Amino acid sequence: RADVAITGTEAASIADRVAAAARAENGSVTKRWTRSKDSDGDTVTVEISVPAENFERTISRLRGVGNVQSVRRSAIDLSGRLAEINDEMAEERKNEDAPADTRKSKKSAKESLERERRSLAARAERSIITVTIVGRQ
């Protein structure tokens with residue numbers, strides 16, 4: 001994850017170039033909004049999602065779309081929760097021969113763990129970059 005601040009003339013045009021940078025790295029725009037319009041110019045925020053392996057290249061591309069003021073990177077470690085889920089699923093598999101009255105709740109718990117694991121894996125495959133563009137006239 002990263003937050004990037006860019007300045008330049010014509011914030012909307014820079015936002016279009018941010019979107020093009022995302023597409024060039026097999027990414028997409030997930031959100032785009034104008035937060036303010038005043039006599040000095042617009043402030044546009046664009047949230048893009050790119051494959052995690054293209055994160056650094058995307059940051060480099062963004063340096064070419066306007067005057068980059070700051071880049072703040074952050075990360076969330078999902079590995080601990082993924083390990084817990086794998087342990088819980090292994091425990092569920094050990095208990096598959098449980099009495100019939102508990103199997104239904106076990107199946108539900110196993111399905112829930114599977115969904116959570118898939119969701120976390122999908123999050124780990126993508127990186128979110130929020131770009132705030134302050135346009136100046």
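Read along the sequence, what pattern does the chain follow?

A: The structure is a predicted model, in which local features need pLDDT of at least 70 and side-chain atom pairs count only at pLDDT 80 or more, whereas totals for chains, interfaces and linings use all residues. Residues are numbered from 1 along each chain as its sequence is written, and side-chain values use heavy atoms, with hydrogens and water left out.

Along the sequence, the chain follows the pattern β-α-β-β-α-β-α-α-β. It contains 4 helices and 5 strands (DSSP runs numbered from the N terminus, H or I of at least four residues for helices and E of at least two for strands). Of its 137 residues, 31% count as buried (under 20% relative accessible area, with exposed meaning over 50% and partly exposed in between, for a 1.4 Å probe and protein chains only).

Ile85, Met89 and Glu92 are the buried residues of H3. Seen down the axis, these buried residues fall within an arc of 55 degrees (taken from the directions from the helix axis to the C-beta atoms), so they line one face of the helix. An α-helix has 3.6 residues a turn, so residues three or four places apart point the same way. Asp87 and Lys94 lie on the other side of H3, where they are exposed.

Ser79 also belongs to H3. This serine is partly exposed, at a relative accessible area of 44%. Although Ser79 and Ala124 are 45 residues apart in sequence, their C-alpha atoms are 9.3 Å apart in space.

For context, the largest nonpolar core has 20 residues (a set of buried Ala, Val, Leu, Ile, Met, Phe, Trp, Tyr and Cys residues joined through side-chain atoms within 4.5 Å). Val18, Leu62, Ile129, Val131 and Ile133 touch the most other members. Two or more residues of this core come from each of strand E1 (2–8), helix H1 (11–24), strand E3 (41–51), helix H2 (55–62) and strand E5. H1 gives the most, with 6 residues. In soluble globular proteins, nonpolar side chains tend to be buried together.

Leu62 may be followed individually. This leucine is found in helix H2 and is buried, with a relative accessible area of 1%. Leu62 and Val4 are separated by 58 residues in sequence, while their C-alpha atoms are 8.5 Å apart.

Two loop residues complete the account. Most residues other than glycine have a negative phi. Glu10, in the loop between E1 and H1, has a positive phi near 60 degrees and counts as exposed at 58% relative accessibility. Asn26 occupies the loop between H1 and strand E2 (28–38). Its phi is likewise positive, near 60 degrees, and Asn26 is exposed, with a relative accessible area of 58%.
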